[in-house]
Amino acid sequence: MSKRIGMEVALAAAEAVGMCNVDVAAVYPITPQSHIAEHLSDLVADGKTDTEYVTVESEHTSMSICIGASATGARAYTATCSQGLMLMHELLPIASAMRCPIVMSVANRPVNAPLNILSDHSDIMPQRDAGWIVIFCENGQEVVDLTLMAYRIAEDKDVMLPVVIGIDGFILTHMVEPMVFPDQKEVDKFLPVYKPYATLHPDKPLTMGAFAMPDVFPEMMKAKDMALTNSKKTIIKIWDEWEKKFGRRYNPVETYRTDGAEVILVSMGSMSETAELGVDMLRDKGIAAGVAKIRLWRPFPIEELKAATKGARVLAVLDRAISPGIEGAPVYTDVKAAFYDEKDRPVIVNWLIGLGGEDVTGEDFVEIAEKALKAKKGEHEFLGVR
Amino acid sequence: MSIIGNYDLYAPRLIDKKEYLASGHTACAGCGEALAVRLVMKGLGEDTIVSNATGCLEIFTTRYPTTAWEVPWIHVAFENAAAVAAGVESGIKALRRKGRIPDRDVKSVSMAGDGGTTDIGLQALSGAMERGHDMFHVCYDNEAYMNTGIQRSSQTPFGAWSTTSPPGEVSFGQRTWKKNVPEIMVAHNLAYVATACPSYPIDLINKIKKAKKLKGPAYIHVFAPCPTGWRMDSSLTIKIGRLALETGVFPLYEVENGKYRITVDMPDPLRPVGDYLKPQGRFRHLTPALIEEIQERVNLEVNKLKNKVNYSKPWEELR
């Protein structure tokens with residue numbers, strides 16, 4: 001029987017990981033991920049999950065441990081954010097190219113300088129091209145569900161790629177929310193023991209991580225690109241299966257009041273719920289507004305995004321990370337590129353909001369939508385800059 | 001696996017006949033590292049998983065789609081071989097406990113050059129050793145970053161030429177002495193730390209076997225002469241290893257549960273360091289005064305080692 005309990009979201013993330021029969025976890029604590037690191041070690045200490053928990057000396061080593069363990073056929077887990085994710089950066093494209101189905105929770109936090117421990121997406125954006133599946137959560141229930149589904153996706157023979165579950169720091173990690181946890185037996189049925197395709201073991205010696213010259217390198221890159229692009233089908237299939245079993249639906253792009261919307265806010269992560277509040281306020285004022293929420297950041301769901309925003313005259317893309325030197329932040333440039341070949345392109349503007357944990361209110365979304373409606377072409381503006 | 005002809009004639013029961021590092025790899029002629037790895041693998045046997053740092057060894061053994069490795073082998077990056085080996089060990093441990101792989105000992109071993117061990121890889125190595133994984137690390141010390149083109153490392157000896165420690169109008173070459181990483185490993189309270197050299201194959205294999213038998217972390221620092229980087233004739237690899245021992249430049253010793261022991265005796269008195277320096281082009285610019293400075297330092301280091309041999313006791317006797 002599933003049960004509904006109130007709990008801090010970071011602890012819930014650890015609880016969900018604890019239900020996944022993880023073989024090896026290697027986690028280096030960093031704010032605001034640290035409650036995940038702590039609670040998972042509680043679960044291991046109490047024997048609630050049979051996991052080798054390696055208390056590493058850095059994030060670089062936590063990802064190295066995960067790759068090594070995954071290569072032996074073990075289910076591997078880690079969690080980090082911010083500087084820790086930046087330190088891991090070198091290893092992320094290796095984990096995906098070596099097809100290690102690792103799952104990593106990222107408690108999204110800004111990158112220095114200046115140091116800031118709150119929340120935005122500037123840690124995950126530099127990892128955009130690392131070849132990982134990246135999924136964003138909006139609330140605690142999504143963290144539980146998407147974590148439980150992550151290994152099913154990662155280990156699927158048609159995928160075999162690592163997965164990031166994005167959990168905005170503090171705004172989401174440190175909230176206490178009611179969440180439904182499925183029964184362990186149901187989880188075990190949904191997520192069976194990992195059966196790896198190739199492993200490091202003397203019974204069948206394999207060489208993993210050989211170096212390659214241009215005779216094969218471009219083909220390997222194409223294979224990696226195709227693997228991530230094609231993973232979308234399997235991700236949707238597994239989300240469909242989840243809905244049938246547990247009743248909660250997940251889509252690559254979620255929508256809120258987009259029917260007949262003239263302006264659509266395109267958001268990602270925890271601020272989406274506040275954006276819904278802003279949309280309600282806009283609708284009350286007689287402005288036809290809606291929200292399209294990107295859940296699946298990579299592979300980028302172009303078709304789903306176009307379908308979700310169909311008919312809108314204006315899109316206001318909300319970014320939580322800058323991309324210095326170009327008029328537009330990462331989500332904006334991708335969204336804009338996606339619409340280039342369309343005959344009736346919407347006006348697409350860009351707003352940099354919630355940087356470094358800046359509080360974004362419903363009123364802010366009203367202001368953004370109203371300004372966006374007046375825009376004639378792409379604009380690039382920062383919220384809260386004097 | 002290939003079997004060397006007439007092997008039974010001269011090395012019965014001493015060395016595993018099987019080759020775990022196949023021939024046909026692309027190491028330079030006279031490569032001390034390739035020779036050392038071949039011997040290390042004979043000590044390790046087939047129930048081994050190797051985690052290899054980026055470097056010469058990785059490059060000359062695994063050009064895709066070929067491999068020289070007869071045992072499971074993984075390469076991830078430069079500075080993290082020990083961390084990857086720790087992950088391999090953790091994975092094997094968990095899977096064995098859960099009954100998903102056969103219930104037998106499989107040793108996780110990390111291998112790296114002096115760069116991947118004593119410089120960029122020191123943190124990952126220290127972490128792996130401190131946490132007590134059942135694994136060990138082998139450093140193949142060829143005294144510079146050979147794979148990138150002979151740049152200096154913390155193991156490049158005083159006075160040596162390298163492409164980033166060139167002698168010039170105001171420079172005599174490398175200005176620092178070798179960082180003593182075996183001693184740093186001893187400070188991690190490892191049950192076994194040793195130095196080895198392919199010029200003394202039985203000694204090397206015995207040390208690998210000791211480290212393999214141990215339940216827990218160990219460290220072996222292997223002297224790996226590099227004719228290309230040391231600017232010497234490729235026929236001199238074995239000889240230069242012997243000269244390193246006979247001059248006291250690279251003594252062979254082990255530290256077992258805190259007790260230091262010299263495993264291959266050095267002559268008394270030692271041969272002059274000039275005998276070791278002279279065949280190597282990397283030292284050709286050295287003045288008699290610099291050679292004398294090196295001689296004094298070598299004497300000091302040998303005496304420091306002998307002092308530890310004389311006065312250290314196994315931990316058991318100190319309880």
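Hi everyone, let's start where the two chains join: two bridges link strand 9 (residues 207-208) of chain A to strand 2 of chain B, and these strands run parallel. Two strands count as paired here if DSSP finds at least two bridges between them. Met208(A) has Ile74(B) as its bridge partner in strand 2 of chain B. Strands and helices are DSSP runs numbered from the N terminus, with helices being H or I of at least four residues and strands being E of at least two.

Before going on, a word about what we are looking at. This is a predicted model, where local features need pLDDT of at least 70, side-chain atom pairs count only at pLDDT 80 or more, and totals for chains, interfaces and linings use all residues. Residues are numbered from 1 along each chain as its sequence is written, and chains are lettered from A and ligands numbered from 1 in the order in which they are written.

Now, what sheet does that pairing belong to? It is an open sheet of nine strands, in the order 9(A)-2(B)-1(B)-3(B)-4(B)-8(B)-7(B)-9(B)-10(B), with mixed pairing. Its edge strands, each pairing on one side only, are strand 9 of chain A and strand 10 (259-262) of chain B. Look for Thr48(B), which stands opposite Lys107(B) in strand 3 of chain B.

For angles, axes are lines fitted to C-alpha atoms, for helices over the stretch in contact, and the values run from 0 to 180 degrees between N-to-C directions.

Back to the meeting of the chains. How many residues does each chain bring to the contact? Chain B brings 41 and chain A brings 37, where contact means that C-beta atoms, placed from the backbone, lie within 7 Å. On the chain B side, strand 1 (48-52), helix 3 (56-61), strand 2 (73-75), helix 4 (81-97) and helix 6 (122-131) each give at least two residues. Helix 4 of chain B gives the most, with 12 residues. That side of chain B has 22 nonpolar, 11 polar and eight charged residues. The classes go like this: Ala, Val, Leu, Ile, Met, Phe, Trp, Tyr, Cys and Pro are nonpolar, Asp, Glu, Lys and Arg are charged, and the others, Gly among them, are polar.

Helix 4 of chain B also has a partner within its chain. Its axis comes within 7 Å of the axis of helix 6 of chain B, and the two cross at roughly 35 degrees.

At their contact, 27 residues of domain 1 of chain A touch 20 residues of domain 2 of chain A. On the domain 1 side, helix 8 (217-246) of chain A supplies the largest share, five residues.

In chain A there is also an open sheet of six strands, ordered 10-12-11-14-15-16, with mixed pairing. Strand 10 (253-256) and strand 16 (380-382) of chain A are its edges, each pairing on one side only. From one strand to the next, the twist averages 25 degrees. Strand 15 (residues 347-352) of chain A pairs with strand 16 of chain A in the parallel sense over three bridges, and Leu352(A) has Phe382(A) as its bridge partner in strand 16 of chain A. Helix 9 (residues 271-284) of chain A lies across strand 10, strand 11 (263-267), strand 12 (289-294) and strand 14 (314-319) of chain A, at about 165 degrees to strand 12 of chain A.

Notes
Two residues are in contact if their C-beta atoms, placed from the backbone, lie within 7 Å.
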